[in-house]
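The sequence and structure come before the details.

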Amino acid sequence: MKRFNWPMAPAVLATAAFALAFSGCHGKSADDYISAGDTAVQAQKLEEAEGDYKQAVDIAPNDARPHASLGNLYVLEHKGAPAQTEFMRVLELDPKNAPSHAALGNLYNDQAQYPMAEAQFRAALAIDPTRSNYHSDLGVILAKEGKPADAQTEFKTAIGFDPKNAQAHYQLANMLSTIPGQQAQAQAEYDQAKQLDPKLARDGG
């Protein structure tokens with residue numbers, strides 16, 4: 001009868017245990033790299049953050065989160081083209097990602113591509129209809145497209161969802177100030193915006 005070489009078993013097990021321990025200590029997940037990237041952004045180490053987010057993409061290429069993080073980083077760095085690429089990738093992976101629709105809307109707005117910006121904000125609102133700043137941002141786009149009535153509706157909706165949305169009060173005031181007979185209401189909106197955010201004081205007001 002063949003006997004097992006038991007004295008070698010502890011050595012084999014020890015080697016396997018060491019390998020597992022080494023892997024557990026030194027292997028990083030996509031979550032680890034995303035977290036490290038976020039920390040680097042807070043420390044203004046943007047190049048380091050980019051490297052961390054790209055490592056997360058390499059580990060989990062079908063995870064939308066590191067692409068969103070890269071998009072936000074590129075926006076912070078005023079790199080519109082790569083930011084747009086990342087947010088489009090997010091939406092390929094997660095079509096109901098409202099913040100990425102809104103981010104794309106802002107990028108299209110910066111490029112004066114207003115119909116495309118409008119489409120992205122409407123997509124964001126279809127997913128998250130109570131988000132006040134999406135309504136106010138859409139209102140800005142509609143105003144630029146020469147749709148003042150629709151813009152007013154969006155600003156008022158934004159205020160309805162968040163009465164402390166200073167930008168919505170200010171933008172609504174700007175629109176009302178151009179309409180005959182609405183000066184008093186416009187001033188009231190300017191006053192409200194100023195109270196919420198003193199930086200929004202009306203020029204000369």
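## The largest pocket: lining

This is a predicted model. Three helices, α4 (64–76), α6 (98–110) and α8 (132–144), each supply at least two residues of the lining of the largest pocket. Of the helices, α6 gives the most to this lining, with six residues.

The largest pocket has a volume of about 170 Å³. Its lining is made up of 14 residues, and those nearest the centre are N72, P99, A102, A103 and N106. Sorted by class, the lining of the largest pocket has eight nonpolar residues, three polar and three charged.

## Confidence

Over the chain, pLDDT averages 86, and 85% of the residues score at least 70. Helix α7 (residues 114–127) has the highest confidence, at 98, whereas helix α1 (residues 9–26) has the lowest, at a mean of 37.

In soluble globular proteins, nonpolar side chains tend to be buried together. Here the largest nonpolar core holds 34 residues, and the members that touch the most others are F87, L104 and Y134. At least two residues of this core come from each of α3, α4, α5 (80–93), α6, α7, α8, α9 (148–161) and α10 (166–176). The most is given by α6, with six residues. Apart from this core lies another, of six residues, including Y170, A173, Y190 and L200.

Which residues does F87 touch, not counting those up to four places away in sequence? They are A68, G71, N72, V75, S100, A103, L104 and L107. Two of these, N72 and A103, are also among the residues that lie nearest the centre of the largest pocket. L104, another residue that F87 touches, is itself one of the core members with the most contacts to other members.

## E50

Helix α3 (residues 46–59) contains E50. Is E50 buried or exposed? E50 counts as buried because its relative accessibility is 16%, and the cut-off for buried is under 20%.

Leaving aside neighbours within four places in sequence, E50 is in contact with L70, L73 and Y74.

Note on methods
Residues are numbered from 1 along each chain as its sequence is written. This is a predicted model: local features need pLDDT of at least 70, side-chain atom pairs count only at pLDDT 80 or more; totals for chains, interfaces and linings use all residues. Side-chain values use heavy atoms; hydrogens and water are left out. On a 1 Å grid over the protein atoms alone, a cavity is a set of points where a 1.4 Å probe fits but cannot get out, and a pocket is an open set with protein on both sides within 12 Å along at least five of seven lines; lining residues have an atom within 4 Å of a point. Grid points are joined across faces, edges and corners, and a volume is the space filled by probe spheres set on the points. Helices (H or I, at least four residues) and strands (E, at least two) are DSSP runs, numbered from the N terminus. Ala, Val, Leu, Ile, Met, Phe, Trp, Tyr, Cys and Pro count as nonpolar, Asp, Glu, Lys and Arg as charged, and the others, Gly among them, as polar. pLDDT is the predictor's confidence in each residue, from 0 to 100. Buried means under 20% relative accessible area, exposed over 50%, partly exposed in between (1.4 Å probe, protein chains only). Contact means heavy atoms within 4.5 Å. A nonpolar core is a set of buried Ala, Val, Leu, Ile, Met, Phe, Trp, Tyr and Cys residues joined through side-chain atoms within 4.5 Å.
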